[in-house]
Amino acid sequence: MLSYRNRLLVLLVTVTILVTAIGMVSTSSTSYLSEDPGPAISLVPLVSGGRRTGKVPVERFYLTTIQVSSVNWWQYLTGSVFGHSGSWFIPTPPAKGITPAQIGVSDTLLMDSALRTAEAVAGKATGSPSMHPNGAIVVLEAHGSAWSAGLRIRDRIAAVNGKHVTSASALVGALKAVPVGGPITLGVARKGQALTIHIHHNPGVGKLGVELVTGWAGSPAASISVPGVGGPSGGLLAALALTAVEGGGDLAGPNIVAGTGTLSSSGAVGPITGAPDKVVGAERVGATVFFVPVLNAPAVEAEHPRLTVVPVNSYRAAINWLCTHGGTSPACG
C-alpha cells in the first residue's frame, strides 16, 4: 500500500499530465479559420512620384483589410458557448497540386496587378495615360495540361497560336476560338526570355486551368505600393488615392474615405470577401464614407451611424459621389 506521501506524488504527476494534455489539445488548431477586421491602411503616404499637384491630407483615403487566423480548440469550445467575434468558416480545399506557398505568391501577384490597374485607371482620369495592357500574367495554376507543358506562375502570356493578346480577357477570347482537344501554342515571356509552350490538348473552352490577371507596361505618372497586403481588393481605393494626389484639387473634400473593391482596366468595380469586417475597420479609423461593390452591399446594410455606406459598380461612380459631396478635382469632369 502506498504511503500518503507517495499517493500525493502520484496525484500531482497525474494532474500534471492531464493539464499538459489538455493544454496541448486546446491549443491545437481546428479545421476552422477566423475572419476578423484588419487594419485600415492610409494610402496617400504610399503614393510616390507624379506631379503631386494635389494637397491631400494624409488621413483621407483608407484601404480596409481583413485578418484570417486559425481557431484552436480552446477558442472553439469557449466561442461555441459564450459567442465569438469575427466570422468562422472551413476553408475550401485548394485544387490538386496547389500549395499554401503558391496561394501566398498568388495573393501577392493579385495585389500587384490591382495596384498597376489602379495606376492605369487613375492616370487616364487625370490626363496622364502612360500605361497600357501587356499580356496575361499567370498568378495561380493547378497541375493540369498547361502546367505539364511547362507554364508557370509569373509567366506572361503574350500570344495564343500566333495571335497577340494584350490582356487576360483577350487571352480567354483567343482560347475560346480553339476547339476542345485542339493544340495550343503559347508565346510566353519568363524573366526576360521568350519561350514557346505547346499544349497538345485544349483542356476546355476558354480555359487553361490557371488563374490570370492582365499585365501592364509603361511608367505611371504616380505609383503606389502597399506592403504586407495581398489579394485583388485594393484596386478601387488605390485608384482614388492616386487620383487625389495626381489630379489636384481636394477630391475627398470633407470626407474621410474608406472602402474596398476589385478594379478592372475599364474601371468596373467587382466583389470582394469580408465586407462586414472591412466596414468595422473603416469605423475604427473614423471614416465617414465607405465605398463597397454593389454585389457586397446587402452584407453591410446594417445601420452605421457615423458612416455612409455607398455601393458602387465603377471607379467613375465613386468619383462622381465624391464630386457631389464636397470634393473637387479635374477628374470630376
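Predicted model: local features only at pLDDT ≥ 70, side-chain atom pairs only at ≥ 80, totals over all residues.
Colleague: Which helix gives the largest share of the lining of the largest cavity?
Modeller: The structure holds 1 cavity of 30 Å³ or more, and about 50 Å³ of space lies in the largest cavity. Two helices, α3 (100-125) and α6 (235-247), each supply at least two residues of its lining. The largest share, 3 residues, comes from α3.

Colleague: How many residues of the lining of the largest cavity are charged?
Modeller: The lining includes Glu119, Thr126, Ser128, Leu242 and Glu246. By class, the residues of this lining divide into 4 nonpolar and 3 polar, while the charged ones number 2.

Colleague: Which strands stand at the edges of the open sheet, and why is one side of each left without a neighbour?
Modeller: The open sheet has 5 strands with mixed pairing, in the order β2-β4-β14-β17-β18. Each edge strand has a single partner strand, so one side of it is left without a neighbour in the sheet, and the strands in question are β2 (41-42) and β18 (308-312).

Colleague: What angle does the direction of α6 make with that of β4?
Modeller: The helix α6 packs on the sheet, where it touches β4, β14, β17 (289-293) and β18.

Colleague: Which residue in β14 does Leu63 stand opposite?
Modeller: Strand β4 (residues 61-63) and strand β14 (residues 257-259) run parallel and are joined by 3 bridges. Within β14, the residue that Leu63 stands opposite is Gly259.

Technical notes: Residues numbered from 1 in each chain as written. Heavy atoms only, no water. 1 Å grid on protein atoms, 1.4 Å probe; cavity = no way out; pocket = protein on both sides within 12 Å on 5 of 7 lines; lining within 4 Å. Points joined across faces, edges and corners; volume = space filled by probe spheres on them. Helix = DSSP H or I, 4+ residues; strand = E, 2+ residues; numbered from the N terminus. Nonpolar A, V, L, I, M, F, W, Y, C, P; charged D, E, K, R; others polar. Pairing = 2+ DSSP bridges. Contact = heavy atoms within 4.5 Å. Axes fitted to C-alpha atoms, helices over the stretch in contact; angles between N-to-C directions.
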